[in-house]
Amino acid sequence: MHARLETVQEGKSGTGTREMSELNREVREVVELVWGKQSTGGGVSAPLFRRWTQGFVFSETERSALEQFEGGPCAVIAPVQAFLLKNILFNMESSNWRDISEEEQRTALCSTLSEILESACLGKTQNFCLATWARAKTTDDNTDITDSHPEPESSQPTDTQQQPTALAADELGFERFHSTVHKRTLKTVAELKEAILSLHDTWRNKFGVLLFLYSVILTKGIENIKNEIEDTSEPLIDPVYGHGSQSLINLLVTGRAVSNVWDGDRECSGMKLHGIHEQASVGFLTLMESLRYCKVGSFLKSPKFPIWILGSETHLSVFFTKEMSLVAPESPSEQARRVFQTFDPEDNGFIPDTLLEDVMKALDLVSEPEYVNLMKNKLDPEGLGIILLGPFLLEFFPDQDSGIPDSFPVYHYNGLKQSNHNEKVSYVEGTALVLGFEDPMVRTDDTPVKRCLQTKWPYIELLWTTERSPSLN
């Protein structure tokens, strides 16, 4: 089933602004949600739009890694890369996950896109939607607008032949592109998977990243997204700098476009602020937490698979390992640390002693008033009125082994060519040591990557095989 998202039949006198003004309500709402309300009046700047017009393209030097040509679309590419790695590392029977075949690339990418769309779908009664674009007529003649490079056929197997088609043709600007978008509705997961496979060249070429984003939005439902976003006047893509919002990242990672990264919902001045409601498949850590701008909850910090999207001020990259013990169920001491920290929202490392009883109750510890007072005196012998996290854990959960090995291989992915050695997108390999305490004897670097990871493992040390540490930006 196909439903046209636009009704424009432009003539030779048509302008870009008229094209946008005549778009039907649904595509207008998608464009306003993604780019802001001003975008349907005058579009967005050509350089910003061009940065987002690329497909999902694999690196020639790292066959399971996606390339990002310019800043901006990492908000879509990095989450797709994280799920892609999950599927390649843990679901695919491949002898070498770093050197997969073209057919394996195709299968892994399409199953990943399908998985993200399924998570955005609200229920069994909800349809899936795919945004595709049709060949439009130019204003000057009757030839079709296509990319300056033809879409690759099966007779063009190499990446070098396919890669130029991944950046969109300059002549198809913001208004013209959106006047050619179609919506395709699918009723079952089987139909969705089949359709995504059949559109493999669409995802890989021209406007693949944007069309996939629009597919997620249409599948989720515009009103449903607006109900989850904290500030609906804030677009998913910043109209000045082109960065994706946290709502956009959360939508792709969890299926919910909430604006916050903490666990559950919070009340603030009578407003309900939505957070993450269940354990994510892949995680999210941010440098902003090390700067104390926010605090990521355990649903994103402790995902089902040992893959984490890392956020800097302006970019997203991915940190991953095959070591599943990193995402094993919480030990009692890890649970105690998390519960204690919920009573310490400012992350001071201590709580008022008046809250000790509540913490002990939350952890199903003995919480009779006499015993609580005994523990207060023991944990706060100087009578300062505070309970420190460290002594609390040592008292109730001593000598607990997390089960994490002393050291294990780790990898870092950054999709931007200019952020990679020799401008070739490749994983940076390293070894991680997760200690239970600070050990000056094994102190390594102090880089943004490490500071980001320390929000999850305070005493992690990293030894990279390259001369320079990988870049978060």
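## Before we start

This is a predicted model, so local features need pLDDT of at least 70 and side-chain atom pairs count only at pLDDT 80 or more, while totals for chains, interfaces and linings use all residues. Residues are numbered from 1 along each chain as its sequence is written, and side-chain values use heavy atoms, with hydrogens and water left out.

Helices (H or I, at least four residues) and strands (E, at least two) are DSSP runs, numbered from the N terminus. Buried means under 20% relative accessible area, exposed means over 50%, and partly exposed is in between (1.4 Å probe, protein chains only).

## The second largest pocket

A pocket is found on a 1 Å grid over the protein atoms alone: it is an open set of points where a 1.4 Å probe fits, with protein on both sides within 12 Å along at least five of seven lines, and its lining residues have an atom within 4 Å of a point. The second largest pocket holds about 570 Å³ of space. It is lined by 30 residues, and Gly244, Ser245, Gln246, Ile249 and Met288 are the closest to its centre. That volume is the space filled by probe spheres set on the grid points, which are joined across faces, edges and corners.

What is the lining made of, by class? There are 14 nonpolar, 12 polar and four charged residues. Here Ala, Val, Leu, Ile, Met, Phe, Trp, Tyr, Cys and Pro count as nonpolar, Asp, Glu, Lys and Arg as charged, and the others, Gly among them, as polar. Helix H5 (74-90), helix H13 (246-254) and strand E8 (283-286) each supply at least two lining residues.

H13 is mostly covered, with eight of its nine residues buried. Among them are Leu248, Ile249 and Val253.

E8 runs parallel to strand E9 (residues 307-311), and four bridges join the two; strands pair if DSSP finds at least two bridges between them. Thr286 sits opposite Gly311 in E9.

## A two-sided helix

Which residues of helix H9 (residues 189-198) are buried? Leu192, Ala195 and Ile196 are. They lie on the same side of H9 because they cover an arc of only 100 degrees around the axis, where the arc is that of the directions from the helix axis to the C-beta atoms. On the other side of H9, Ala190, Glu194 and Ser198 are exposed.

His178, in helix H8 (residues 174-178), is buried at 0% relative accessibility. Its side chain reaches the backbone oxygen of Phe174 at 2.8 Å.

Glu228 belongs to helix H12 (residues 222-228) and is buried too, at 12%. A polar atom of its side chain lies 2.7 Å from the backbone nitrogen of Ala257.

Most residues other than glycine have a negative phi. Arg292, not a glycine, has a positive phi of about 65 degrees. Arg292 sits in the loop between helix H14 (287-290) and helix H15 (298-301), and is exposed at 55%.

Technical notes: A polar contact is a pair of N or O atoms within 3.5 Å; within protein, one must be able to donate a hydrogen and the other to accept it, and residues adjacent in sequence count only if both atoms are side-chain atoms.
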